Amino acid sequence: MDIKQIQDLIRFVSKSGVNEVSIEQNDFKITIKTNQAPTYVNATIPGQQVAAPIAAAPAPVVAVEHTAAPTEAPAAADVSKYVTIKSPMIGTFYRSSSPDKPSFANVGDEIKAGSVLCIIEAMKLFNEIESEVSGRIVKVLVENSSPVEYDQPLFLVEPM
């Protein structure tokens, strides 16, 4: 690994809520730790000889930012008054806990801070994503069962 890859890994660990990451490759070993309580997951990477213990946060809270121009804005509306709720991690987006259950949040629903909006599955862990704002869901920006990236917009909320 070069210094750029190490810096990128440190940034990823600090933003993702992961407690500890250890990587071993041939004669190189690196461990990055944060101050959160650990939950351990062992993962094997296909094509490599090493199992890397990785810790994941139990239920991360979503980052909330005001945006002036989301990717898909409601027609004829001033989007600067909306709050964009973004994905705190890479994974698969689910609107409900199972296919036969109702969605956590739909367009028009009023939500409170701490309300569960969706689930993001990452490495076989299902993480409930909670709102940090109270308001009304204006738009769901991601399709159910779709992959999402870190910091990808998920919902538009009109704050109360």
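Modeller: Below, we take some labels one by one and check them; keep in mind that this is a predicted model.

Colleague: Okay, the overall layout. What makes up the chain, in helices and strands?

Modeller: There's one helix and 13 strands. Of the 160 residues, 37% are buried.

Colleague: Which strands make up the open sheet of four, and in what order?

Modeller: The order is 10-9-7-12, with antiparallel pairing. Strand 10 (125–130) and strand 12 (146–148) are the edge strands, as each pairs on one side only. On average, neighbouring strands of this sheet are turned by 40° against each other, direction ignored.

Colleague: How do you know that strand 7 and strand 9 pair?

Modeller: Pairing takes at least two bridges. Strand 7 and strand 9 (residues 116–122) have three bridges, in the antiparallel sense, so they pass that test. Here's a spot to look at: Tyr 94 sits opposite Ile 119 in strand 9.

Colleague: And what makes strand 9 and strand 10 a pair?

Modeller: Try the cut-off of at least two bridges again. Strand 9 and strand 10 run antiparallel and are joined by six bridges, so they count as a pair too. Glu 121 stands opposite Phe 126 in strand 10. The hairpin these strands form has two residues between the strands, and Met 123 there takes a positive phi near 55°.

Colleague: Now Arg 95. Where is it found?

Modeller: Look in the loop between strand 7 (91–94) and strand 8 (110–111).

Colleague: Why is Arg 95 said to have no salt bridge?

Modeller: A salt bridge needs a side-chain nitrogen of Lys or Arg within 4 Å of a carboxyl oxygen of Asp or Glu. For Arg 95, the nearest side chain of opposite charge is Asp 109, 6.8 Å away. That is beyond the limit, so no salt bridge is counted, even though Arg 95 is buried.

Colleague: Which residues is Arg 95 in contact with, leaving aside neighbours within four places in sequence?

Modeller: Among them are Ser 103, Phe 104, Leu 117, Val 140 and Asn 144. For the chain, 52% of the contacts between residues at least 6 apart in sequence join residues at least 24 apart.

Terms used:
Residues are numbered from 1 along each chain as its sequence is written. This is a predicted model: local features need pLDDT of at least 70, side-chain atom pairs count only at pLDDT 80 or more; totals for chains, interfaces and linings use all residues. Side-chain values use heavy atoms; hydrogens and water are left out. Buried means under 20% relative accessible area, exposed over 50%, partly exposed in between (1.4 Å probe, protein chains only). Lys and Arg count as positive and Asp and Glu as negative; His and the chain ends are not counted. Contact means heavy atoms within 4.5 Å. Axes are lines fitted to C-alpha atoms, for helices over the stretch in contact, and angles run from 0 to 180 degrees between N-to-C directions.
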